[in-house]
Amino acid sequence: MAKKSTKTSDEEFGAAMLAWYAKSIEKFPDGLVTQAQASVMLGVSRMAVSRLVARGGLRAVYFPEENEDPENPAIVGVAVGRDDPLWLKAIASTYSFPTAVYVSFADVMRLWKKGNAKEKCKPVWREIIAAIRPRK
């Protein structure tokens, strides 16, 4: 008897993403753009877009969605792309990173009109150090 493959086929993956996008666009009727597109529109890096999402400046949706599975928890944040550095790809292979991150086009437009995206996404070293500092 042949073993059935548990790997998701491209067709199944595509169908799941279409269903997810249809559901997500209902929440964001003004549209969604990728994290990379938002970074170009706002003139900031993709990591800066992640900081904007973390600080509440942009609303985001992730594919696949965040799950509660303790065996395979999803890490919501930056989607790892083909042109990312090797170290990031190595980390992504260890953890379950989302395949795609989309942000609200309306939020991107609002930030673009204000012209303060670069100020809002600057790294705050106090926050970064506090996040990596061991707690007592």
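**A first look at the chain**

Student: How much of the chain is buried?
Tutor: Buried residues make up 29% of the chain's 136 residues. Keep in mind that this is a predicted model.

Student: Okay, and how many helices and strands are there?
Tutor: The chain has 7 helices and 3 strands. Starting at the N terminus, their order is α-β-α-α-β-α-β-α-α-α.

Student: What about the inside? Which residues have the most contacts in the largest nonpolar core?
Tutor: Those are Leu42, Leu58, Val103 and Val108, in a core of 16 residues. Helix 2 (35-42), helix 3 (46-54), strand 3 (100-104) and helix 5 (105-114) each give at least two residues to this core.

Student: Which element supplies the largest share of this core?
Tutor: Helix 3 does, with 4 residues.

Student: Back to Leu42: what is it in contact with, leaving aside neighbours within four places in sequence?
Tutor: Leu42 touches Leu52, Val108, Leu111, Trp112, Ala117 and Lys118.

Student: Which residues does the second core include?
Tutor: Trp20, Val61, Phe63 and Ala100 are among them, in a separate core of 8 residues. In soluble globular proteins, nonpolar side chains tend to be buried together.

Student: Last one! Of the contacts with a separation of 6 or more, what share is between residues 24 or more positions apart?
Tutor: Such pairs account for 67% of those contacts in the chain.

Note on methods
Residues numbered from 1 in each chain as written. Predicted model: local features only at pLDDT ≥ 70, side-chain atom pairs only at ≥ 80, totals over all residues. Heavy atoms only, no water. Buried < 20%, exposed > 50% of the residue type's maximum accessible area, 1.4 Å probe, protein only. Contact = heavy atoms within 4.5 Å. Core = buried A, V, L, I, M, F, W, Y, C linked by side-chain atoms within 4.5 Å.
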